[in-house]
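Here's a quick walk through one protein chain, from its fold outline down to a few individual residues. Have the viewer open while you read.

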Amino acid sequence: MKSQCSHQNCCENCVICMNDIKSDENTCTLPCKHTFHESCLQQYRENTIDPVCPLCRAKLPLRSLEDITQDLLKLDEQIGGTIKEILD
């Protein structure tokens, strides 16, 4: 779904990876209406201290507790499963 935006080509291209957004790709549209590849936005959010839209600098919504928990469990699995043992 293409959103209306005053930035030229911002909703046709993912400004994080600079590639075209194709109709069969998973995308994420932020509350500010800017659209990015879902995987690009996820990586961007994981690697930035102050999560803002890469185009307009609007604050990004907070990540859900479930998303954070899943990320922690993935990291835990990489280091041996200590957290998962505690949770079980």
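Going from the N terminus, the elements of the protein chain run β-β-α-α-α. That comes to 3 helices and 2 strands, where helices (H or I, at least four residues) and strands (E, at least two) are DSSP runs numbered from the N terminus. Bear in mind that this is a predicted model, in which local features need pLDDT of at least 70 and side-chain atom pairs count only at pLDDT 80 or more, while totals for chains, interfaces and linings use all residues. Residues are numbered from 1 along each chain as its sequence is written, and side-chain values use heavy atoms, with hydrogens and water left out.

**Overall numbers**

Of the 88 residues in the protein chain, 20% are buried; buried means under 20% relative accessible area, exposed means over 50%, and partly exposed is in between (1.4 Å probe, protein chains only). The protein chain exposes about 6800 Å², and carbon and sulfur atoms supply 51% of that. Those areas come from the Shrake-Rupley method with a 1.4 Å probe, and for residues only the protein chains shown count as cover. As for contacts (heavy atoms within 4.5 Å), take the ones in the protein chain between residues at least 6 apart in sequence: 24% join residues at least 24 apart.

**Patches and a salt bridge**

Which residues make the nonpolar surface patch? Leu65, Ile68, Leu72 and Leu75 do, and the patch covers about 390 Å². Leu65 sits in helix H2 (residues 65–79). There's a negative surface patch too, formed by Glu12, Asp20, Asp24 and Glu25. Of these, Asp24 falls in the segment before strand S1 (27–29). Patch members need over 30% relative accessible area and no salt bridge; like charges are joined within 9 Å, and nonpolar side chains (Val, Leu, Ile, Met, Phe, Trp, Tyr) within 5 Å. For the charges, Lys and Arg count as positive and Asp and Glu as negative, with His and the chain ends not counted. Each charge is placed at NZ of Lys, CZ of Arg, CG of Asp or CD of Glu.

Side chains of opposite charge can pair when their charged atoms come close. Here the side chains of Lys59 and Asp50 meet in a salt bridge at 2.7 Å, N to O. The rule asks for a side-chain nitrogen of Lys or Arg within 4 Å of a carboxyl oxygen of Asp or Glu, and the count comes to 1 salt bridge.

Here's how some of the residues in this report score on accessibility:

| Residue | Relative accessible area | Class |
|---|---|---|
| Leu65 | 67% | exposed |
| Asp24 | 66% | exposed |
| Met18 | 63% | exposed |
| Lys59 | 61% | exposed |
| Lys33 | 48% | partly exposed |
| Asp50 | 38% | partly exposed |
| Thr27 | 30% | partly exposed |

**Around the strands**

Thr27 lies in strand S1. Leaving aside neighbours within four places in sequence, Thr27 is in contact with Ile21, Thr35, Phe36, His37 and Glu38. The C-alpha atoms of Thr27 and Leu41 are separated by 8.7 Å, with the two residues 14 apart along the chain.

Two backbone angles deserve a look. Met18, in the segment before S1, has a phi near 70°, a positive value in a residue other than glycine. Lys33, in the loop between S1 and strand S2 (35–37), has a positive phi of about 80° although it is not a glycine.
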